[in-house]
Amino acid sequence: MREIAASQITDVVERLCIEACQYLPEDVKTAIRQCRKEEDWAIAQGVLDNIIENFEIAEREQVPICQDTGMACVFLEIGQDVHIIGGGLREAVDEGVRRGYENGYLRKSVVKDPVRRGNTGDNTPAMLYTEIVPGEQIRVTVAPKGFGSENMSAVRMFKPSAGIEGIKDFILETVEAAGPNPCPPIVIGVGIGGTFDKAALLAKKALLRDLGSKNPDPYYAELEEEMLEKVNCLGIGPQGFGGRTTAIGLNIETLPTHIAGMPCAININCHVTRHKTEVI
């Protein structure tokens, strides 16, 4: 049994909140630059140049890439041989978010009640997702999620008879309805299977996957490639001004499901697909 202090979790979450908002992951930057090389529409080229300049300035000046520094989505893969000491896990994570958003001068966007509103003032609570895994480490991933893209996400409870064509149509309908609102080029996370809530979680976790990776199942790897191509044929383009680059990635994650259902969720992220990971 390995002991990990709650204060150590707080320190890591604080640091990752700041770094995730300032530094775009390398795979995302590479994908955007590659799309710029392949883009032949002048207006789209100019928008992509501005996007590239923006994330380069953010990295150089250590300032947020986007003014919407999002809700702090914190994913913890906790080794079953870990014992957290010196405080509660939820409190440790929220304190890390509180410090990160304060010390990193990040916008605080969380309201305490979904209907009556009222800003919490410190961007807490975090959206916390935990998973127990083998080992004696904690893998911490902080993924700040802005709501220009989150608002464009969707979940649909298909019957099995809808088949793969139903899912394909749903992906295209969702992206087309989103249009310029999620600040394309976007990254699309698709979750298929499980239950209503699990499908949504799968879709969000799909956004954390490296954009150069493929689903290990060749069937879904082929579907990822097919749907990314179809999305880019919609012609929405960077920031909605037209062009070949509507999405820079589309990742699919799946789970077994009930014989009577085929849940599907689509979680859209803007080109600022932020996430940072550290293992304690």
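**Pockets and a helix pair**

User: How do the residues lining the largest pocket divide into nonpolar, polar and charged?

Analyst: There are 7 nonpolar, 4 polar and 6 charged residues in that lining. Ala, Val, Leu, Ile, Met, Phe, Trp, Tyr, Cys and Pro count as nonpolar, Asp, Glu, Lys and Arg as charged, the others, Gly among them, as polar. Bear in mind that this is a predicted model: local features need pLDDT of at least 70 and side-chain atom pairs pLDDT 80 or more, while totals for chains, interfaces and linings use all residues. Numbering runs from 1 along each chain as its sequence is written, and side-chain values use heavy atoms, without hydrogens and water.

User: Which residues lie nearest its centre?

Analyst: F75, E77, E131, K205 and L208, out of 17 lining residues.

User: And which helix or strand gives the largest share of that lining?

Analyst: α7, with 4 residues. At least two each come from β2 (71–79), β4 (127–133), β5 (138–145), α7 (196–206) and β10 (276–279). Helices (H or I, at least four residues) and strands (E, at least two) are DSSP runs.

User: OK, next one. How big is the second largest pocket?

Analyst: Its volume is about 330 Å³. The second largest pocket has 15 lining residues, with C35, E38, L228, N232 and A247 closest to its centre. They split into 6 nonpolar, 4 polar and 5 charged.

User: Which element gives the most there?

Analyst: α2, with 5 residues. α2 (26–38), α8 (218–232) and β8 (247–257) each supply at least two.

User: α8 again, then. Which residues of α8 meet α6?

Analyst: On the α8 side, Y219, L223, E226, M227, K230 and V231 meet I164, K168, I171, L172 and V175 of α6 (contact means heavy atoms within 4.5 Å). That contact holds 8 nonpolar residues, no polar ones and 3 charged.

User: At what angle do they cross?

Analyst: Roughly 35 degrees, with the axes of α6 (residues 163–178) and α8 coming within 11 Å. Axes are lines fitted to C-alpha atoms over the stretch in contact, and angles run from 0 to 180 degrees between N-to-C directions.

Key: 1 Å grid on protein atoms, 1.4 Å probe; cavity = no way out; pocket = protein on both sides within 12 Å on 5 of 7 lines; lining within 4 Å. Points joined across faces, edges and corners; volume = space filled by probe spheres on them.
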